[in-house]
Amino acid sequence: MQNTRLNNLLDTIARLVGQWFVNPWRRLSLLLINFLFGFFLGSAVSTTTGQRGVLDMVIAAVLVLLTEVTSRIFYSRSFLAKQALWVEALNFLKVGFIYSLFVEAFKLGS
């Protein structure tokens with residue numbers, strides 16, 4: 001890409017955000033927020049699809065596909081690539097989502 005002012009600005013912003021999350025407490029808080037947002041997404045998706053009841057199987061297949069793609073991204077990389085913040089955040093989002101679906105299943109089973 002050309003070295004434009006916009007490109008320099010975006011590179012600087014990305015570098016500053018990356019330095020911001022080097023702090024372990026900030027990194028942990030971001031990962032916790034991703035876990036809780038995944039939990040919220042799981043609850044929201046399960047209640048809205050259960051309410052409508054139109055495309056349950058298609059939505060379930062799409063959700064399984066998305067979680068499998070996320071697992072493939074996280075577990076197929078080397079150890080250093082797993083340390084990337086966006087990969088780890090995506091994995092925590094997936095874990096929160098799956099945990100929420102298990103909790104919803106237990107609620108329906110009881």
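Reply: From the N terminus on, the elements run α-α-α-α-α, where helices (H or I, at least four residues) and strands (E, at least two) are DSSP runs numbered from the N terminus. The chain has a radius of gyration of 18 Å, well over the 13 Å that the globule rule gives for 110 residues, so it is more spread out than a compact globule; the radius is taken over C-alpha atoms, and the rule is 2.2 Å times the number of residues to the power 0.38. This is a predicted model, in which local features need pLDDT of at least 70 and side-chain atom pairs count only at pLDDT 80 or more, while totals for chains, interfaces and linings use all residues. Residues are numbered from 1 along each chain as its sequence is written, and side-chain values use heavy atoms, with hydrogens and water left out.

Turning to the rings, a search of the whole structure finds four aromatic pairs, a pair being rings of Phe, Tyr and Trp (its six-membered ring) whose centres lie within 6.5 Å, with planes under 30 degrees apart counted as stacked, over 60 as edge-to-face and the rest as tilted. Phe74 and Tyr75 form an edge-to-face pair, at 4.8 Å centre to centre and with 85 degrees between the planes. Phe74 counts as buried at 12% relative accessibility, whereas Tyr75, at 53%, counts as exposed (buried means under 20% relative accessible area, exposed over 50%, partly exposed in between, with a 1.4 Å probe and protein chains only). Phe35, Phe39 and Tyr99 are linked into a cluster by ring pairs.
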